[in-house]
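Here is a short report on one protein model. Keep the structure in view as you read.

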Amino acid sequence: MLEDLRKPTNHPPPMKVYDNKALMELLNVKGRYLKKLRDNGYIGYTAEGEKYWYTQADVEKFLKRFHYKDFSTASSLPNDCI
């Protein structure tokens, strides 16, 4: 039995879950803005009463949806931006 515990498993890593406070800190947004993202369907969530939970997959999907690729071919910033 002890040997079974030492064997590697193929279980996926635990899923990261954020509550409102943690996600507001991560995204650097206010609660009202996070509510607007939920209400408008921009970010997925799970609700349990008045508590909201966001999975890492919800956050990644949101970030990918609103990600803009860089388009500059310059290798450095212009002098007026420094």
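## What covers helix α3

The buried residues of α3 have cover that includes α2 (20-27), β3 and α4. Keep in mind that this is a predicted model. Which residues of α3 are buried? They are Leu34, Leu37 and Arg38. These three span an arc of only 100° around the axis, so they sit on the same side of α3.

Arg38 also meets two rings. Its charged end sits over the ring of Tyr52, 3.7 Å from the centre. Arg38 lies over the face of Tyr45 too, at 5.9 Å from the ring centre.

## The overall plan

Now step back. The protein has four helices and three strands. Along the sequence they follow the pattern α-β-α-α-β-β-α. The protein has 82 residues, and 15% of them are buried. Its accessible surface comes to about 7700 Å². Carbon and sulfur atoms account for 54% of that surface.

How much of the contact pattern joins residues at least 24 apart? Take the contacts between residues at least 6 apart in sequence: 50% of them join residues at least 24 apart.

## The nonpolar core

The largest nonpolar core holds nine residues. They are Tyr18, Leu23, Leu34, Leu37, Ile43, Tyr52, Tyr54, Val59 and Phe62. Three elements, α3, β3 and α4 (56-65), each supply at least two residues of this core.

Leu34 and Leu37 are members of this core, and both are among the buried residues of α3. Val59 and Phe62 are core members as well, and they are buried in α4.

## Helix α4 and its two sides

Look at α4 next. Its buried residues are Asp58, Val59 and Phe62. Their arc around the axis is only 95°, so they lie on the same side of α4. On the other side, Lys61 and Lys64 are exposed.

What do the buried residues of α4 pack against? Their partners are β1 (17-19), α2, α3 and β3.

Setting aside neighbours within four places in sequence, Phe62 is in contact with Leu27, Leu37, Tyr42 and Ile43. Leu37 and Ile43 are, like Phe62, part of the largest nonpolar core.

## A cluster of rings

A search of the whole structure finds three aromatic pairs. Two of them are listed here.

| Pair | Centre to centre | Angle between planes | Type |
|---|---|---|---|
| Tyr42 and Phe66 | 5.4 Å | 80° | edge-to-face |
| Phe62 and Phe66 | 5.4 Å | 55° | tilted |

Why is the Tyr42 and Phe66 pair called edge-to-face? Its planes stand at 80°, and an angle over 60 degrees counts as edge-to-face.

Where do the two partners lie? Tyr42 is in the loop between α3 and β2, and Phe66 is in the segment after α4. The pair therefore ties together parts that are 24 residues apart in sequence.

Ring pairs link Tyr42, Phe62 and Phe66 into a cluster. How open are its members? Tyr42 is partly exposed, with a relative accessible area of 34%. Phe66 is also partly exposed, at 36%.

## The loop after α3

Gly41 sits in the loop between α3 (31-39) and β2 (46-48). Just after α3, Gly41 takes a positive phi of about 80°. Is Gly41 buried, exposed or partly exposed? Its relative accessible area is 47%, which makes Gly41 partly exposed.

Gly41 and Phe62 are 21 residues apart along the chain. Their C-alpha atoms are separated by 9.9 Å.

## A residue in strand β3

Is Thr55 buried or exposed? At 17% relative accessibility, Thr55 counts as buried, because the cut-off for buried is under 20%.

What does Thr55 touch, beyond residues up to four places away in sequence? The partners are Met15, Lys16 and Val17.

Notes: Residues numbered from 1 in each chain as written. Predicted model: local features only at pLDDT ≥ 70, side-chain atom pairs only at ≥ 80, totals over all residues. Heavy atoms only, no water. Buried < 20%, exposed > 50% of the residue type's maximum accessible area, 1.4 Å probe, protein only. Contact = heavy atoms within 4.5 Å. Core = buried A, V, L, I, M, F, W, Y, C linked by side-chain atoms within 4.5 Å. Phe/Tyr/Trp six-rings, centres within 6.5 Å; stacked < 30°, edge-to-face > 60°. Lys NZ or Arg CZ within 6 Å of the ring centre and 35° of its normal. Arc of directions from axis to C-beta. Areas by Shrake-Rupley, 256 points an atom, 1.4 Å probe, with all protein chains shown as cover.
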